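Here are a few notes to read with the model open beside you. Take the points one at a time and find each residue as you go.

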Amino acid sequence: TIEEAQAQGVNTITFDTDAPNSTRTWFVGPDSDYAMGQELAKMIAEEMGGEGELAFMVASFSAENQVSKVEGATDYLTENYPDIEIVTTVNSNDDNETAFSNAQTLLTTYPDLKGILGFAGAEAPQAAEAVTQAINNGELQEGEIVITGIGFPTQCRPYIKSGILKQVLSWNPQETGKTACYVLAAMAEGTPIDDSFAIEGMDIRVEDTCVYHGCILLTPENIDDYNYS
């Protein structure tokens with residue numbers, strides 16, 4: 001499809017999820033999925049104290065953005081935290097109810113589980129809800145299982161405020177869309193997309209054929225400053 005569009009002279013880019021093996025001209029996103037996976041692994045490893053059983057929660061086993069994040073996280077943990085064991089990876093098909101059910105299953109299947117890492121927007125808050133309910137039911141102690149991952153303010157706010165989530169890696173999807181429009185405009189106008197490419201109020205980074213607008217770390221200190229979902 002991308003090749004057909006380009007054959008007709010249509011400027012064609014990808015955003016949010018890349019198609020790296022296609023002929024797309026540019027990819028627009030917050031950062032590379034591999035780098036984000038490594039950052040997520042660093043976050044959860046530190047919260048786990050560098051050891052213990054860890055479960056991965058993904059939205060899809062095949063989506064490029066999920067596969068690359070998992071690869072980045074796995075490589076980082078293998079290299080830096082040999083005492084962390086990845087016990088399983090579960091898939092929600094990008095559905096909140098499935099993500100919640102998956103988290104509940106993890107809690108019962110792995111009694112020694114110490115951490116849950118979510119690679120898409122639904123996974124961390126749904127895991128946080130499952131852990132919250134388990135704590136309220138007396139099945140878990142607070143802090144027994146740590147959770148982090150990709151998250152967005154409207155979904156994660158109650159769990160960040162309660163302390164179940166200490167931090168989540170995020171980005172504003174409106175900025176992704178805005179950056180994509182600026183890239184297409186530059187292509188149409190013949191403006192270079194290089195280190196000089198800039199969007200007012202945003203921290204733009206150009207690497208190879210990728211344009212990144214940056215991630216946001218959501219914490220108790222700044223969660224009320226953001227309202228995107």
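1. Start with helix α6, residues 153-162: its buried residues are Pro153, Cys156, Arg157, Tyr159 and Ile160. Keep in mind that you're looking at a predicted model.

2. What do the buried residues of α6 pack against? Look for α5 (123-136), β7 (168-170) and β10 (216-218). Then check what follows the helix: Gly163 comes after α6, and its phi is positive, near 95°.

3. Now hop over to another pair of helices. The axes of α2 (residues 33-47) and α3 (residues 64-80) come within 7 Å, crossing at roughly 50°. That angle is why α2 counts as oblique to α3. As for handedness, the crossing of α2 and α3 is right-handed.

4. Who makes that contact? On the α2 side you'll find Asp33, Tyr34, Met36, Gly37, Gln38, Ala41, Lys42 and Ala45. From α3 come Asn65, Ser68, Lys69, Glu71, Gly72, Ala73, Asp75, Tyr76 and Leu77. Sorted by class, the contact between α2 and α3 has seven nonpolar, five polar and five charged residues.

5. Last stop: Thr88, which sits in strand β4 (residues 84-91). How far apart are Thr88 and Glu53 in sequence and in space? They are 35 residues apart along the chain, with 9.3 Å from C-alpha to C-alpha. Leaving out residues up to four places away in sequence, Thr88 touches Leu54, Ala55, Phe56, Leu106 and Tyr110.

Methods:
Residues are numbered from 1 along each chain as its sequence is written. This is a predicted model: local features need pLDDT of at least 70, side-chain atom pairs count only at pLDDT 80 or more; totals for chains, interfaces and linings use all residues. Side-chain values use heavy atoms; hydrogens and water are left out. Axes are lines fitted to C-alpha atoms, for helices over the stretch in contact, and angles run from 0 to 180 degrees between N-to-C directions. Helices (H or I, at least four residues) and strands (E, at least two) are DSSP runs, numbered from the N terminus. Angles under 35 degrees count as roughly parallel, over 145 as roughly antiparallel, 65 to 115 as roughly perpendicular and the rest as oblique. A crossing is left-handed if the near helix is turned anticlockwise from the far one by less than a right angle, and right-handed if clockwise. Contact means heavy atoms within 4.5 Å. Ala, Val, Leu, Ile, Met, Phe, Trp, Tyr, Cys and Pro count as nonpolar, Asp, Glu, Lys and Arg as charged, and the others, Gly among them, as polar. Buried means under 20% relative accessible area, exposed over 50%, partly exposed in between (1.4 Å probe, protein chains only).
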